[in-house]
Amino acid sequence: MAIVANQGGLHPGAEFAGGLRLIEQIPQGHKVALADIAKGAPIKRYGEVIGHAAADIAEGSWVKDPWC
């Protein structure tokens, strides 16, 4: 996961140099999935587990509370 630092967040379709393309709006300061996250997988922020995915989370999606 990564934290979106851009003022105003990032819009769907935004593409990164590594090929990641956002599939939904990600607000500033929120998490984006850099790879698919399976239901039940740990959600980490700065290396610490802060919860577990309640559903599958697709690459490029907003990882929102309560972990989808």
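Residues are numbered from 1 along each chain as its sequence is written, and side-chain values use heavy atoms, with hydrogens and water left out. Because the model is predicted, local features need pLDDT of at least 70 and side-chain atom pairs count only at pLDDT 80 or more, while totals for chains, interfaces and linings use all residues.

Confidence comes before geometry. The mean pLDDT of the chain (the predictor's confidence in each residue, from 0 to 100) is 93, and 97% of the residues reach 70 or more. Where pLDDT is low, predicted coordinates should not be read in detail.

The secondary structure comes to 0 helices and 5 strands, in the order β-β-β-β-β from the N terminus on. Both kinds of element are DSSP runs numbered from the N terminus: helices are H or I with at least four residues, strands are E with at least two. The C-alpha trace spans about 25 × 20 × 20 Å along its principal axes. A compact globule with 68 residues would have a radius of gyration near 11 Å, and the chain agrees because its value is 11 Å; the radius is taken over C-alpha atoms, and the globule rule is 2.2 Å times the number of residues to the power 0.38. Of the contacts (heavy atoms within 4.5 Å) with a separation of 6 or more, 41% are between residues 24 or more positions apart.

Of the 68 residues, 26% count as buried; buried means under 20% relative accessible area, exposed over 50%, and partly exposed in between, with a 1.4 Å probe and protein chains only. A nonpolar core is a set of buried Ala, Val, Leu, Ile, Met, Phe, Trp, Tyr and Cys residues joined through side-chain atoms within 4.5 Å. The largest one has 6 residues: Ala-33, Ile-37, Ile-43, Ala-53, Ile-57 and Val-63. A second, separate core of 5 residues includes Val-4, Leu-10, Leu-22 and Val-32. Leaving aside neighbours within four places in sequence, Ile-37 is in contact with Met-1, Ile-43, Ala-53, Ala-55, Asp-56, Ile-57 and Val-63.

Charged side chains form 2 salt bridges, each a side-chain nitrogen of Lys or Arg within 4 Å of a carboxyl oxygen of Asp or Glu. One joins Arg-21 and Glu-15 at 2.4 Å, N to O; Arg-21 is partly exposed, because its relative accessible area is 46%. In the other, Lys-64 meets Glu-24 at 3.2 Å, N to O. That pair links distant parts of the chain, 40 residues apart: Lys-64 is in the segment after strand 5, and Glu-24 is in the loop between strand 1 (2-3) and strand 2 (31-32). Lys-64 is partly exposed at 29%, and Glu-24 is partly exposed at 23%.

Glu-24 also touches Ser-61, as do Ile-23, Ile-26, Lys-31, Val-32 and Ala-33, not counting residues up to four places away in sequence. Ser-61 lies in the loop between strand 4 (48-52) and strand 5 (62-63) and counts as buried because its relative accessibility is 8%. A polar atom of the Ser-61 side chain lies 3.0 Å from the backbone oxygen of Ala-58. Gly-51, in strand 4, counts as buried at 14% relative accessibility.

Notes. A polar contact is a pair of N or O atoms within 3.5 Å; within protein, one must be able to donate a hydrogen and the other to accept it, and residues adjacent in sequence count only if both atoms are side-chain atoms.
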